Every structure is written in C-alpha cells, then in structure tokens.
Amino acid sequence: MFRRREPVPFAFLAEADRFRSNVTPPPPARASFGEMAGRWLLGLTLVAGLTGALVVGTPALSTPSSTPAQQSQASQSQGH
C-alpha cells in the first residue's frame with residue numbers, strides 16, 4: 001500500500017485501529033463519604049427547589065373559574 005512520505009497531521013489516528021494494548025486501566029477510585037454526601041445534598045437541593053417553584057407557581061398559573069367576571073367602573077358609569 002502506498003504511504004505518504006510527507007508528515008500528515010493526525011496520521012496517528014489512522015494507525016490507532018492497528019494498536020491493541022494488553023494493559024488494563026486501573027479501576028476508577030471510589031468516591032469518599034463526603035463526596036457522596038455532597039452529591040446527595042446537591043441533588044436533594046435541586047429537587048426541593050424545583051418542587052418549591054412548582055408549588056409556589058401553580059396558583060399563579062391557574063385561572064379562577066369560581067369568581068364571577070367583574071366589570072370595570074368605567075363601563076358601569078357609561079350606562080348612567
């Protein structure tokens with residue numbers, strides 16, 4: 001097969017499929033108790049914030065259907 005003689009940028013990527021390593025990477029380090037507690041606390045804070053925003057915002061988004069429609073004072077005074 002023909003090979004280029006001039007340097008080609010990123011030529012190592014084309015040859016990467018031929019290279020196989022028999023060295024296994026080390027297992028990932030386990031998170032400490034403090035890191036796990038911090039992740040749980042962050043997750044709980046996010047969920048509580050979203051829930052609180054939903055609870056506070058829901059009444060503002062709902063339209064009151066039981067109250068009768070009120071007329072403005074301007075429309076009442078025009079009839080007199």
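## Surface and model

The protein chain exposes about 8500 Å², with carbon and sulfur atoms supplying 65% of that area (Shrake-Rupley method, 1.4 Å probe; for residues, only the protein chains shown count as cover). Of its 80 residues, 0% count as buried (under 20% relative accessible area; exposed is over 50%, partly exposed in between, with a 1.4 Å probe and protein chains only).

Do keep in mind that this is a predicted model, where local features need pLDDT of at least 70, side-chain atom pairs count only at pLDDT 80 or more, and totals for chains, interfaces and linings use all residues. Residues are numbered from 1 along each chain as its sequence is written, and side-chain values use heavy atoms, leaving out hydrogens and water.

## Fold and confidence

The chain holds 3 helices and 0 strands, in the order α-α-α from the N terminus (DSSP runs numbered from the N terminus: helices are H or I, at least four residues; strands are E, at least two).

Mean pLDDT, the predictor's confidence in each residue from 0 to 100, is 77 for the chain, and 55% of the residues score at least 70.

## Helix α2

Helix α2 covers residues 33-61 and spans 41 Å from first to last C-alpha, close to the expected 42 Å (1.5 Å times one less than its number of residues). Because 0 of its 29 residues are buried, α2 lies largely in the open.

Met 36 belongs to this helix and is partly exposed, at 38% relative accessible area.
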